Amino acid sequence: MYKILETKQLAKEIKLFVVDAPRVAKACKPGQFIILKINEQGERIPLTIYDYNVGQGTISIIFQEVGKTTRQLGKLKAGDEIQDFVGPLGKPIEVNDSHKRIICVGGGVGVAPVYPKARALKNSGAEVISIIGARSKDLIILEEEMKAVSNELYVCTDDGSYGEHGFVTQVLEKLLPIKTPDLVIAIGPLPMMRACCQATKKFNVPTLVSLNSIMVDGTGMCGSCRVTIGGETKFACVDGPTFDGHLVDFNELMLRQVRFVEEEKVALQRYEKMEGVKENGSCCCKSR
Ligand SMILES: Cc1cc2nc3c(=O)[nH]c(=O)nc-3n(C[C@H](O)[C@H](O)[C@H](O)COP(=O)(O)OP(=O)(O)OC[C@H]3O[C@@H](n4cnc5c(N)ncnc54)[C@H](O)[C@@H]3O)c2cc1C
Ligand code: FES
């Protein structure tokens with residue numbers, strides 16, 4: 001069992017958990033992820049390692065409550081335990097001194113996986129320019145943390161309620177010809193990552209994206225996270241999750257990403273009904 005030591009609400013429906021997981025903390029590197037299962041009946045879900053502390057033996061994760069499991073996770077408090085917390089999984093990001101100027105782009109909760117990469121690259125001596133964005137001001141996360149690991153930080157919101165008005169891709173398009181980066185890292189929703197790759201392709205700037213394909217075992221055995229990269233089949237859990245964005249077949253990934261939408265809807269409805277029964281002490285028909 002893995003104890004939750006601390007919880008923090010970062011934005012509406014986005015939480016940070018610090019989890020006691022010394023063996024994972026000892027082995028992990030930026031860019032890797034864990035797969036957790038809340039309890040015996042739970043579903044396995046992957047979450048990026050946002051931060052780790054080897055001395056304290058802790059792993060920090062940040063998650064957005066989008067469906068049944070993440071909502072259930074969001075109900076847990078400090079002192080509660082998670083049954084399985086497997087990791088570190090996936091390939092870490094390569095950090096070397098070949099990159100001098102990097103633009104890091106994070107959209108929505110995608111800022112969480114961008115942060116450890118930006119920090120590692122900044123620590124390696126690179127100049128890091130970051131762009132973070134969300135739908136509105138109340139959904140912006142990790143602004144101070146990103147500022148601390150960036151030479152320049154641009155913040156934008158889709159509705160203009162904070163920072164620049166518009167999408168992260170628009171800021172990226174403006175910066176590409178001026179800053180001439182030698183690498184772009186873009187993490188967020190699939191349409192955002194695809195748009196970033198289309199922009200960087202025009203300038204021939206190598207671009208890394210982190211693919212959030214649906215994972216089950218996380219060991220390359222089940223095939224669920226299959227993606228096509230440069231015409232070849234890869235498994236995001238063991239070959240990624242970071243890939244050359246210019247080679248990703250985004251259309252295929254988008255189709256594969258929605259293949260369980262009906263089941264996900266039913267699972268969430270069942271869960272919310274059960275929670276409603278617990279909170280009201282009776283089911284909705286009896287309370288009428
Ligand atoms: C390597 C990796 C790292 C990730 N890191 C983060 C992170 O740091 N923070 C964060 O908020 N989210 C992260 N995700 C996405 C997260 O795993 C999903 O939001 C979560 O699984 C949703 O589960 P649910 O039951 O709450 O929602 P559901 O209603 O079951 O699903 C909502 C959507 O989430 C995706 N999803 C569902 N199940 C899985 C699964 N087993 N594996 C991958 N995606 C799934 C699908 O696109 C689905 O349509 C990551 C995904 C991957 C692959
Ligand atoms: S999650 Fe099963 S092969 Fe990647």
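Trainee: Which backbone oxygen does the side chain of Arg44 reach at 2.9 Å?

Mentor: A polar contact is a pair of N or O atoms within 3.5 Å, where within protein one atom must be able to donate a hydrogen and the other to accept it, and residues adjacent in sequence count only if both atoms are side-chain atoms. In this structure the side chain of Arg44 reaches the backbone oxygen of Asp217 at 2.9 Å, and it also reaches the backbone oxygen of Val216, at 2.6 Å. Please keep in mind that this is a predicted model, in which local features need pLDDT of at least 70 and side-chain atom pairs count only at pLDDT 80 or more, while totals for chains, interfaces and linings use all residues. Residues are numbered from 1 along each chain as its sequence is written, chains are lettered from A and ligands numbered from 1 in the order in which they are written, and side-chain values use heavy atoms, with hydrogens and water left out.

Trainee: Where does Arg44 lie, and is Arg44 buried or exposed, or something in between?

Mentor: Helices (H or I, at least four residues) and strands (E, at least two) are DSSP runs, numbered from the N terminus, and Arg44 lies in the loop between β3 and β4. Buried means under 20% relative accessible area and exposed means over 50%, with partly exposed in between (1.4 Å probe, protein chains only); Arg44, with a relative accessible area of 30%, is partly exposed.

Trainee: Into which domains is the protein chain divided, and what do they bury between them?

Mentor: Domain bounds come from an automatic or database domain assignment, and here the division is into domain 1 (2-89) and domain 2 (101-257). Their C-alpha centres lie 21 Å apart, and the contact takes 18 residues from domain 1 and 19 residues from domain 2. Buried area is the accessible area (1.4 Å probe) that two parts lose on being put together, summed over both; for these two domains it is about 1,600 Å², 65% of it on carbon and sulfur atoms. Of the area that domain 1 buries against domain 2, Phe33, Arg44 and Tyr50 supply 30%, more than any other three residues.

Trainee: How many salt bridges are counted between domain 1 and domain 2?

Mentor: A salt bridge is a side-chain nitrogen of Lys or Arg within 4 Å of a carboxyl oxygen of Asp or Glu. The count between the two domains is one, whereas a search of the whole structure finds 12. Asp51 forms a salt bridge with Arg119, their closest N and O atoms being 2.8 Å apart. Because Asp51 lies in strand β5 (residues 51-53) and Arg119 in helix α3 (residues 111-123), the pair ties together parts that are 68 residues apart in sequence. Arg119 itself is partly exposed, at 22% relative accessibility.

Trainee: Which residues have the most contacts inside the largest nonpolar core?

Mentor: In soluble globular proteins, nonpolar side chains tend to be buried together. A nonpolar core is a set of buried Ala, Val, Leu, Ile, Met, Phe, Trp, Tyr and Cys residues joined through side-chain atoms within 4.5 Å. The largest one here has 34 residues, and those with the most contacts inside it are Ile103, Val105, Ile131, Leu172, Val209, Leu211 and Phe250. Helix α6 (residues 190-202) gives the most to this core, with six residues. Domain 1 and domain 2 both give residues to this core, so it lies between them. Apart from it lies another core, of 29 residues, among them Ile62, Val114, Leu139 and Val155.

Trainee: Is Ile61 buried or exposed, and where is its place?

Mentor: Ile61 sits in strand β6 and, at 0% relative accessibility, counts as buried. Leaving aside neighbours within four places in sequence, the residues in contact with Ile61 include Phe17, Val19, Leu47 and Phe85. The C-alpha atoms of Ile61 and Val19 are separated by 7.9 Å, although the two residues are 42 residues apart along the chain.

Terms used
Contact = heavy atoms within 4.5 Å.
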